[in-house]
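User: I would like to go through this structure and ask what stands behind each label. Please set the values against the definitions.

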Amino acid sequence: MKGLDLEKLQAYLDSPPLTGTMFAGGRSNLTYAVTDGANRWVLRRPPLGHVLPTAHDMAREHRVLSALSQAGFPVPAPVLLCDDLSVLGAPFYLMEHVDGTIYRDATQFDGVDLRALTFTLVDTLADLHSLDPEKIGLGDFGKPEGFNARQARRWKQQLDASRSRELPGIEELHARLAAEIPAGGPGAVVHGDFRLDNVLIGGALEVNAVLDWEMSTLGDPLSDLALMLVYAGRPLLFKDGEPFAPIDLPGHPSLNEMSTRYAERSGRDVSDLHWYVGFAAFKLAVILEGVHYRYTKGQTVGAGFDNVGAMVPALIEQGHRALEGH
């Protein structure tokens, strides 16, 4: 299996024979289901080739999962961390296997109370932001001061590193964002990529586990809220093989209802999200442009990747409209 030598892993764990499969859908770190017949785990390791210092830091992911699981927040509990490169050629960690459904296809919502499910997702994000980083051992996990300014710089650098075509309006969007960066309030643990298909949902529509913590840090919680709202309105699900927006499904609450629910649950002021939504649209445009860039280079394969590039111009427009108060 590409990226996972089961024999070496078996020797390292001193376990019975292992079998494993790779999870589909990941665009960053590699994720595998592994079992010895009696126990099931999930293994995470960086992608093959170049490793980014933050997004692919296995010790960092292991740390935030440890802290959050001990605090009672729904994440898979980590089992072990290995930084011995001789085992798999890269650092990795094992975490417990959590059952649940990941919603990626619009047909999965047949018979599902989408309103209740979406509000559960919002509540989970608010609960994450209510945790005191100091009390759960994450007081030094990031620097909340200047978070928004650093994010604006970081994602512009990402754009410059993975652009292969003209994107009208994106430079102007970044310039507008950089000119009016909000200071932000008290920092919180932020996920960095919080959306429906990064969550394992149980049979009663409860959140069994929040996944994919590679972009987590201490920062402005409204950045998480805004990105969740942008994801809800963009065609990132699939229906009959075509992109489809969650908000277009029957029963999905409006974006205003989602932000109001978050405000009620968290006690935070969400009266002015214009900059945050504008930046979230810019950030998602950069992420998708990176996926498109890798797709054109033959480095990413799979269903739906051929449509990703077409989503970027609409996000640029959305970013501008958000800054204009829409």
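User: Which residues of helix α6 are buried?

Analyst: This is a predicted model, in which local features need pLDDT of at least 70, side-chain atom pairs count only at pLDDT 80 or more, and totals for chains, interfaces and linings use all residues. Residues are numbered from 1 along each chain as its sequence is written, and side-chain values use heavy atoms, with hydrogens and water left out. In α6 (residues 170-179) the buried residues are I170, L173, H174 and L177. Buried means under 20% relative accessible area, exposed over 50%, and partly exposed in between, with a 1.4 Å probe and protein chains only. Helices (H or I, at least four residues) and strands (E, at least two) are DSSP runs, numbered from the N terminus.

User: Why are the buried residues of α6 said to line one face of the helix?

Analyst: Down the axis of α6 these buried residues fall within an arc of 95°, so they line one face. The arc is that of the directions from the helix axis to the C-beta atoms. An α-helix has 3.6 residues a turn, so residues three or four places apart point the same way. The cover over the buried residues of α6 includes α5 (147-161), α9 and α10, where contact means heavy atoms within 4.5 Å.

User: What makes R44 count as buried?

Analyst: Its relative accessibility is 3%, so R44 counts as buried. R44 lies in strand β3 (residues 40-45). Beyond its neighbours within four places in sequence, R44 is in contact with residues including M58, F92, Y93 and W213.

User: Which side chains make polar contacts with the side chain of R44?

Analyst: The side chain of T31 does, at 2.9 Å, and so does that of E61, at 3.2 Å. A polar contact is a pair of N or O atoms within 3.5 Å; within protein, one must be able to donate a hydrogen and the other to accept it, and residues adjacent in sequence count only if both atoms are side-chain atoms.

User: How many cavities of 30 Å³ or more does a search of the whole structure find?

Analyst: The search finds two. On a 1 Å grid over the protein atoms alone, a cavity is a set of points where a 1.4 Å probe fits but cannot get out, a pocket is an open set with protein on both sides within 12 Å along at least five of seven lines, and lining residues have an atom within 4 Å of a point. The largest cavity has a volume of about 140 Å³, and its lining of 15 residues has F147, Q151, G192, S223 and K283 nearest the centre. The second largest cavity holds about 30 Å³, and among its lining residues are P144, F147 and D220.

User: What lines the second largest pocket?

Analyst: Its lining has 16 residues, with L229, S259, L273, H274 and V277 nearest the centre. Helix α8 gives the most, with four residues. The volume of this pocket is about 230 Å³, a volume being the space filled by probe spheres set on the points, with grid points joined across faces, edges and corners.
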